[in-house]
Amino acid sequence: MEVVICKNKEEASKIAADMITAAVAANPRTVLGLATGSTPVLMYSEMAKAVKAKKASYRQVKTWNLDEYEGLAGTHEQSYRYFMNKNLFEKIDIRISNTHVLNGLAKDPEKECARYEAQIRKAGGIDIQVLGIGSDGHIAFNEPGTSLQSRTSVVYLTPSTVRDNARLFFHGDMKAVPKRALSMGVGTICEARKIIMLAFGRNKQDAVKGCVEGPVSQFCTASALQMHNDAWIFCDEPAAAKLKLKEYYSWRSATKLGIRK
Ligand code: GLP
């Protein structure tokens, strides 16, 4: 696991976006796994800038998103489909038919999850998976207590996630936040060939600590990344504050990336 501790979220977002731009430029058929939340927004705008500057084209790129709220249509302003359209897809040259988000309105949600898994397999698997992290250490919507081998399925949100998401996306209205979602599993996520996680701000420091230095445990589903051999975590100083080996990771990972001497 590489931990890149950046000066701020602007620097982290730019470096992570550059990594994705370079991968897409090298392989125009890259398969991306994408994430929602406030954290990747800056990275997505950096990716869009690179497309404008003709550094990469997404014409043949295919994407699969991590999760979607149950009960929300893709046209709903709080749906993750809507979020992706606004924050990335409408700003790059991707074909919308090549972008995939779980259908929150599926009549049979479990069947929808199985279909999604089969689609990803058929596409050859995910080359690069983008992740944020919940303040309780969850990835996608895999809350504490989820098997680290879980597959895409219907999941339940913890009250703390409902609270976090109400604050950020539902104008503080907890009742408006769906309590279930369709989510890629931890096992599904860990099959991606490369993982890029972003984590910013003080309220992520316990989650980052658990992810990087905690035991591998279903209590912090992000800790499954410790078992992955190409996982990169880009964080700012506040998010990295509780890491014991902070200086070591910072030096090692930055040196590997060639961003610091
Ligand atoms: C939700 C999403 C996660 C995301 C998390 C953190 O729970 N399902 O994929 O990582 O929110 O969101 P934020 O980046 O806004 O802190």
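Aromatic pairs and cysteines

User: Which residues form one aromatic cluster?
Analyst: Y69, Y80, F141 and F170 do. This is a predicted model, where local features need pLDDT of at least 70, side-chain atom pairs count only at pLDDT 80 or more, and totals for chains, interfaces and linings use all residues. Residues are numbered from 1 along each chain as its sequence is written, and side-chain values use heavy atoms, with hydrogens and water left out.

User: How many aromatic pairs does the structure hold?
Analyst: There are 7. Rings of Phe, Tyr and Trp (its six-membered ring) pair if their centres lie within 6.5 Å; planes under 30 degrees apart are stacked, over 60 edge-to-face, and the rest tilted. One of the pairs is W232 with F234, which is stacked at 6.3 Å centre to centre and 15 degrees between the planes.

User: Are W232 and F234 buried or exposed?
Analyst: Both W232 and F234 are buried. Buried means under 20% relative accessible area, exposed over 50%, and partly exposed in between (1.4 Å probe, protein chains only).

User: What about Y248 and Y249?
Analyst: Y248 and Y249 form a tilted pair, 6.4 Å centre to centre with 45 degrees between the planes. Y248 is partly exposed because its relative accessibility is 41%, while Y249 is buried, at 8%.

User: Switching topic: how many disulfides are there?
Analyst: A search of the whole structure finds 0, a disulfide being a pair of cysteine sulfur atoms within 2.5 Å.

User: Where is the nearest cysteine sulfur to C6?
Analyst: That sulfur belongs to C235, 7.2 Å away. C6 is buried, with a relative accessible area of 1%.
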